[in-house]
Structures are given as C-alpha cells and as structure tokens.
Amino acid sequence: MNDNELLSWLEKAKLGDESAFQLVYQATHQDVYRTVAFLVYNKQDIEDIVNEVYMSMWRTFHTYDPNRPFRFWLHGITVRLVQDWKRKTWRRIRLFERNRRMTCEHFDWTDKAVQQFEMQHELFSLVRQLLYKLRVVVILRYFHDYALEEIADILQIPVGTVKSRHHLAMKELRKRIEMTGGDAYVH
Amino acid sequence: MSIEKELREELRQVADSMQCPPELYGRVRQSYHQYANDKRGRSPMKKRVLAGIAAIAILIPSAVFASSYLADDLFGSVSTIEQHGGTQEDYQEIEGMLQAAKGKLNEDEFKEYQVLIKQLIQLKLKITDEKGVKHEEKLTQEEQQRFEQLASKLAPYFEKINKNANP
C-alpha cells in the first residue's frame, strides 16, 4: 500500500467520505485482522478489536506522525487496543471464566484454518502458547519485521525490556522444541 | 534452518491462511456511519455554542451601557420597585413603556411626561407596601387631589403613545 494515497483516503474518510472509507478498509483490513488474531484467540474478541481499531483510526488521525510509515502508526493503534482489551477483561474479572473455558473447550474457538496449521506447524503452535508479553514481541519482530527499537516504541516500554523479552521468548521456544523432540533449531 | 527464519516462514504461511471474515466489513462500516453521523451532528452544535458565545460577547457590553435605564431616573434602581412588591419583569415593562413614550413623543413632550410620571410613581410607591398591596387611605387629601390631577394631565400623553402604538 502506498502511504500517501492511504493518508489522503484516511483524511477524506475522517470527513465522512464513504468511498474513501472503503478504500482504507480494503487496504488495511487483512493486516489488522491478522495482527489481532495473532495476539487474541477468541473470534468474537478479535472482531470487536478490529472494529475498535477502525474507530480509533478516525478519532486519532491527528496524532499520526507523517515522518513515520503508516503501518507503524496502524500497528501502534492495534497493539494498544489489544492491550486495552486485555486490561479491561482483567478488570471485569472475566479471567476466571476464561480460564475455565480454555481448559474445558481447549482451542474449540480457534479458527479452523489456524488449528490445521498448528498441527502442521509445530513452531507456530509453540508461539501461540507463549505468554502474551513475549508473544507480542515475537509477532512484531518476525511477522512485521520491526527492529527491537521500533517494537519498544510501539509497546511504549524500554528497549532493554524488549530485548530481554525477545531473548526469553526465543529461549522458551528452543526449550519447548527440544522437549517435543525436535532438534532442527539448535542455536 | 535457523529458528528465526523458520518463525518468519511459518508466521507468513499462517497469516496467509487467516482471512478476515467478510461479514466484519458490515460491522466496521456501521460503526463508521455512526462516527460520521456523530461528527455531522456535532458540527451544528459547535455552531450553536459559537453563536452563544458571540451573543454573550455582544450582550455584556450592551448591559453595561444599558445601565442608563430611563426607569432608573424614576426609581433610582430596580431595588426600589422590588421593595414595593415589584419584580425585575415589572421594571422591564415600565422601562419598555418609557422607551415607547420616548419614541412617540417629541423632546419637550417627553420631558414633561417624565416629570409628571415621576410624581405619579412617587405617590404610587407611597401607597404600595412591600407586598405590592395598595393602601390608598395612606394619601392625604392634598396628595389624593394631586394624584388625580397628574392622572388627568398624563391621560393625553398615554392616549398619544397608545394610539401610535396601535394605529
């Protein structure tokens, strides 16, 4: 997607131009959806958050820094909303219920395609089991190809913290691979 | 293959298989419409607020100048009429009446009218207690005569003012 084009659409959409809104959606929805789906597993929650991301796009457009790539801003919004959502669920003490659901109907709610991939892609299934704090770093690093400094910016945490989380995540992944008997990734 | 490379590969493949459900578009679009409508709804509101501010900005200085009320000449201030059971609205009404008189009468006539009405009001205030009840027995014989005199002198003026007001 071309940043300049996208920005002019976004500006028009903000003023109420529906066709511009459609263009923005077409250009971004897969990326937003996939990013959220890597971080949150409940289908309903994913859709809620994607919807929120678009609402937030119109509302916070004035905070966009034109010196940075559009996707950086977009991923910032997306990750922030995922985090907000996690905080909110914590506050509502849905955690207890969620834990129960997770043990009872383990993975029942995941995308069928994702399940299939989990079976075929062992490494991905291990990523899904990582703690959120570690997983978000892995996704931003290896799915979106951000540098650790950029990840620190998106997550609004110090670079040192990102580095240690990245390190921990990789260590965890290697350990689990060894546990499952794989020896393909030794270093 | 390094774990990093493998990670990239797998995430890419999995992402390609994750399709944003098409029905989500309808929902986001609805939210967008709501946003756009809210925005449109807000802008006349903003205009109204601005108009309100402009009105206040005009009213404040005019209120300062308007302290030269014609009625103030008769009563001193609004508190005089309030002591006799009148209200701010009564005061405004009297002011309106005086303004109408000023517009309808020529300068000399208005001066005369003002003197007469001032005397009449002095008498009226005298017989009116703080609850607005009239006690005509409070007037002396002389004052009562004066009252009637004033009323008859003012009558042609009232006629003139009212006639012009309702032609």
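Select chain A and chain B together: in this predicted model, they bury about 3700 Å² between them, 63% of it on carbon and sulfur atoms. Buried area is the accessible area (1.4 Å probe) that two parts lose on being put together, summed over both. Residues are numbered from 1 along each chain as its sequence is written, chains are lettered from A and ligands numbered from 1 in the order in which they are written, and side-chain values use heavy atoms, with hydrogens and water left out. Local features need pLDDT of at least 70 and side-chain atom pairs count only at pLDDT 80 or more, whereas totals for chains, interfaces and linings use all residues.

Next, display the residues in contact (heavy atoms within 4.5 Å): 46 residues of chain A meet 32 residues of chain B. Four salt bridges are counted between chain A and chain B, a salt bridge being a side-chain nitrogen of Lys or Arg within 4 Å of a carboxyl oxygen of Asp or Glu. Zoom in on A:Asp48 and B:Arg27, whose side chains form a salt bridge at 2.7 Å, N to O. On the chain A side, the helices that each supply at least two residues touching chain B include H1 (3-14), H2 and H3 (43-59). Helices are DSSP runs of H or I with at least four residues, and strands are runs of E with at least two, numbered from the N terminus.

Of its 71 residues, A:Phe38, A:Met57, A:Trp58 and A:Phe70 touch the most other members. H2(A) gives the most to this core, with 10 residues. At least three residues come from each of domain 1 (1-108) and domain 2 (109-187) of chain A, with bounds from an automatic or database domain assignment. A second, separate core of 23 residues includes B:Phe75 and B:Leu154.

Then centre on A:Val24, which lies in helix H2 (residues 18-39) of chain A. A:Val24 counts as buried because its relative accessibility is 0%; the cut-offs are under 20% for buried and over 50% for exposed, with partly exposed in between (1.4 Å probe, protein chains only). Beyond four places in sequence, A:Val24 is in contact with A:Leu6, A:Trp9, A:Leu10, A:Met57 and A:Trp58.

Conventions
Core = buried A, V, L, I, M, F, W, Y, C linked by side-chain atoms within 4.5 Å.
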